[in-house]
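Colleague: Can you walk me through this one? Keep it short.

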Amino acid sequence: MIKINQKIEPSLNHKTECLILPCVEIKKTTGLLKEIDDSLQGAISAAIKNKRFSGKPNQTLLLNSTGKASNILLLGIGEAKEVTAEKICQAAATAVKVLEKSKFKSVAADLSALESIAKGKSGLYGELAGAVAEGAGLALYHFDNYKSKDKDDVQLEKLTLLNTSKAQQSSVEKSISRAEKIVHAVHIARDLISHPGNTVTPTYLAEHAKKMARKNKITCKVLGKKEMKKLGMGSLLGVAQGSDEPPALIVLEYNGAGKKKAPTVIVGKGITFDTGGISLKPGGGMDEMKMDMSGSATTLATLELVASLKLKVNIVGIVAAAENMPSGSAIKPGDILKSMSGKTIEVLNTDAEGRLVLADALTYAQRYKPKEVIDLATLTGAVLHALGHQAAAVIGNNPAMIQKLKDAGEATGERVWELPLWDEHEKATKSDIADLKNIASPGVGAGTTMGAAFLKPFAGDQPWTHIDIAGTAWGFDRPYTNKGASGFGVRLLLNYLEKTR
Ligand code: BES
Ligand code: MN
Ligand code: ZN
């Protein structure tokens, strides 16, 4: 991870390979920009005149300089009144990606534009400075654990934030440390998702969770096949029975608000590989189904983050981990499973396995008499048709909770969009010979909603929201993401938990 530090120093005095200079939309140079422009013999004003730079969001222009900085990267951040932390996060990400490509090792960023935007707004300067660190840290993620080291590879190793306001020094410092924790957590989720299915098995997830809990103030227990059998988790066990990899129900408890307060329970789908089972998926692109444990990666990373930030909330994380394989012992279409809730389920398609493991995990969640339940799951391909890689779908039983999640999504860029769940949808989950069937009859459509409709009877009466991240856990399209795993949901949930406590 890139090292980020702060220096109290005017940007023009700071020696660096490249100075990132955030600029609001401009028609001519003034202030610091004018000074730099003069030292560059008018290169910036020429760029503005020739429309090569105007300060529009995420616009960049790299210039050579003979000053203390050998290069200057002009970075557009848009109209001052429209600047938000998320926009700065995106701009910083764009900037470091340009500088990484140009093989810089150590760079600095001038914060003066952010300081003037935040003038008079308490806490905003620190928040914007933190967003620079967050965007830079997130954008430079690469998953290269399985690649031989390239000795000639140059990495962007250091970013110095240049702050001239001594009064804000400690606030900027705190923001940097917070950003580092967020970046670390998102990277953990991305790592877990990126590792292939022959590394990340249910057992691996359980070991990861135990280790993580030990390092933080979190308790962890793992239920194996035997314990699950005792509890009657026939639905989760049904999915796992075709695989040689034993399933795991991972339960994490973080108590930051005293023992008495009802917790928020976060439930994650942890299918470490989804072949579809006997309802086998087509071969093309099946490798991507190693990401089918993204909901569990987000759950584990969020718990770690919440503990490291010492949030005053109570949170329980539950991960339903199993591998979905076809074999002589696998469940078949038509099989009927008995879930922990007592409800029976006719399995009409073994590829709709996520809802089967979640059903028992949601029932287990009821033990905690939760204040609210959030489940995260790469549940349906249909959500890609509805929302692409731009937003996750949210479906639930409580409009106020959904609104708060939407607000958190806007604030963090991890957008969520509500889809409906009506009684008619729920009716379509009724089976002719069991209580429920795991897919609706042909022609019902509304694939993402039908996934949620199946989960609803297991979710309890307290506020509950299902988040379908099948389109955003992988290939999420933001300047601070790269190809593959995004870690979507960690920043969303942190914001949600902080705003609603
Ligand atoms: N894990 C998949 C959903 C998925 C699809 C995740 C694409 C990421 C990208 C899930 O288990 C699944 O197979 N869902 C089926 C449901 C269907 C059988 C009702 C689907 O979406 O096709
Ligand atoms: Mn599936
Ligand atoms: Zn799946």
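Modeller: Here is a quick tour, starting with a metal site. This is a predicted model: local features need pLDDT of at least 70, side-chain atom pairs count only at pLDDT 80 or more, and totals for chains, interfaces and linings use all residues. Residues are numbered from 1 along each chain as written, chains are lettered from A and ligands numbered from 1 in written order, and side-chain values use heavy atoms, without hydrogens or water.

Colleague: Which protein donors does the manganese ion (ligand 2) have?

Modeller: D274 (OD), D351 (O), D351 (OD) and E353 (OE), at 2.1 to 2.2 Å. Donors are N, O and S atoms within 2.8 Å of the metal (3.2 Å for Na, K and Ca); water is not among the atoms, so sites may look incomplete.

Colleague: What does D274 bridge?

Modeller: D274 bridges the manganese ion (ligand 2) and the zinc ion (ligand 3), which lie 3.1 Å apart. D274 lies in strand 9 and D351 in the loop between strand 12 and helix 11, so the pair ties together parts 77 residues apart in sequence. Strands (E, at least two residues) and helices (H or I, at least four) are DSSP runs, numbered from the N terminus.

Colleague: Is D274 buried or exposed?

Modeller: D274 is buried, at 3% relative accessibility. D351 is partly exposed, at 22%. Buried means under 20% relative accessible area, exposed over 50%, partly exposed in between (1.4 Å probe, protein chains only).

Colleague: New topic. How many helices and strands does the protein chain have?

Modeller: The protein chain has 16 helices and 17 strands. Of its 501 residues, 56% count as buried. Its C-alpha trace spans about 80 × 50 × 40 Å along the principal axes.
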